[in-house]
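Subject: Structure handover

Hello,

Here is the structure for you to look over. My notes follow below it.

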Amino acid sequence: MNQDVVEKFVFEHESDLLAALKRIPVYQRISFSDNHLDGNRFRELPLLNKQDVTQGFPFNFVGGRESEFSEKIEKGTWEIIESSGTSSDRIQIIRNANFREIWSPRIREYHNVYANRDSVREALLTTLNCSRAQCNLGVATYEERLFGERLVLNRSRTPALWDDAECERMLAEIERFSPQVLTAHPVYLSLIDQWCETKGIIPPKSDAVFMSYDYATRRSLARAGRWSRSGVFRSYGLTEAFTVAMDCEHGSLHAINEGCLVEILPYGNIPNVGEIVITSLRNDVMPLIRYRTGDLALIDPAQAPCPCGRSGLVIQRLEGRISELTFDSDNQSVTAGSVDAAVSECDGVEFFQLEQRGDRSVALGVVVNERFDERQRQALSGILRRLYRQSNVNVTTLPEMSPTRTGKFKIITRSIGPSA
Ligand SMILES: [Zn+2]
């Protein structure tokens, strides 16, 4: 972990950090009384769990300021939104209503597609919840889904409901809107790309495609490449803090230093893989100090500086969630990222969903294309047997991916923890 980045952040934000530690009820358990904070002391602060944020909400953040809370919500100065995670880890957030307007321009400095442009037209292809367009269900017109420079393309609860007419409508809207940036959920973009392929349609290209909202598999990144003139870039964020890391034009996933500090803290037993822990002062109603995201990242300690010149932490690869870790026969953790890497060795797989059960058996369901046959299935079984160092592996084909209630997709499910 880059010590200097922590030192610098704490030095620059010392007074805001101290104020939050003393004022916000959720941090009272730390009983922090010093009037000074440095990098070493900061690294000793306990981590904040999702449960700490949800328990007693909103008074764990606005306690003592109840009347201010009611007044600001009523006047529309503050808004309450819900995160878009899978149902078990969704949380509520209070923030200033102009939060996005404040932070969006500062985050956009991390990719050149936004440089020297007063405004950038961005099309969004994702779940209704992620695009904050729940009320659009089914019928909203183009104009109703246009929010300034942002156009929300999808209007279905799940892409399983898309028919030819819906896919044609979305393509026609991309032509009409001509976005410079397309920000997409990996599964949603893959599905419309598959549809285009089936119909022999060449997808309309944007200057840049950003993959966001969920884990992007290697296959989905490859499909997204057909929609971009300059490449496919990763954007990692969470509702609690907005965008936290973003690929620059050179494809390096930079942690974004604007009002936010990213630490990668050791987790489990995989070399150079750790949990993404963030400190975000962007939202002064709910400042998050050493907040556990539950997401894993791979870092390269010997990483050369990026040619773009941006400083700070670079994440090599996102590895999926801690809740998506599975275990091999030696009890070594296997990340969603490793499963994805293994599956991508086999041609013909469009999507996968893996389940590890209590007996440690591994069941992999795959949605395939015409290049997948019995030989591929055997090869994939062999790859997984080697990955998990065991033979209780079963590969079956699925007609389609099953979404969660929120329209996202869980690629790994496990009903066990590591054995003692
Ligand atoms: Zn860079």
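In which sense do β7 and strand β8 pair, and over how many bridges? β7 and β8 (residues 232–238) pair in the parallel sense, over three bridges. Strands pair here if DSSP finds at least two bridges between them. Helices (H or I, at least four residues) and strands (E, at least two) are DSSP runs, numbered from the N terminus.

Before the rest, two notes on the source. This is a predicted model: local features need pLDDT of at least 70, side-chain atom pairs count only at pLDDT 80 or more, and totals for chains, interfaces and linings use all residues. Residues are numbered from 1 along each chain as its sequence is written.

**Around β7**

V209 has V232 of β8 as its bridge partner. Strand β6 (residues 181–184) also runs parallel to β7, joined by four bridges. There, V181 stands opposite A208.

Two right-handed β-α-β units share this strand. One is β6, helix α9 (residues 186–199) and β7. The other is β7, helix α10 (residues 218–224) and β8. Right-handed means that, with the strands pointing away from the viewer, the path from the first strand over the helix to the second runs clockwise.

From β7 (residues 208–211), A208 and F210 point one way, V209 and M211 the other. All are buried (20 or more other C-beta atoms within 10 Å of the residue's own, with C-beta atoms placed from the backbone).

**The antiparallel sheet**

An open sheet of four strands runs β11-β12-β13-β15, paired antiparallel. β11 (260–266) and β15 (317–321) are at the edges with a single partner strand each, so one side of each has no neighbour in the sheet. The twist averages 45° from one strand to the next. Angles run from 0 to 180 degrees between N-to-C directions; axes are lines fitted to C-alpha atoms, for helices over the stretch in contact.

β12 (residues 273–280) and β13 (residues 288–298) are joined by six bridges. V277 faces R292 in β13. Helix α11 (residues 336–343) packs on the sheet and touches β13 and β15. Its direction makes about 110° with that of β15. Contact means C-beta atoms, placed from the backbone, within 7 Å.

**The whole chain**

The chain has 12 helices and 21 strands. Its C-alpha trace spans about 65 × 55 × 45 Å along the principal axes. Buried residues are 37% of the 420. Of the contacts with a separation of 6 or more, 62% link residues 24 or more positions apart.

Best wishes

Methods:
Two residues are in contact if their C-beta atoms, placed from the backbone, lie within 7 Å. A residue is buried if 20 or more other C-beta atoms lie within 10 Å of its own, exposed if 12 or fewer, and partly exposed in between; C-beta atoms are placed from the backbone.
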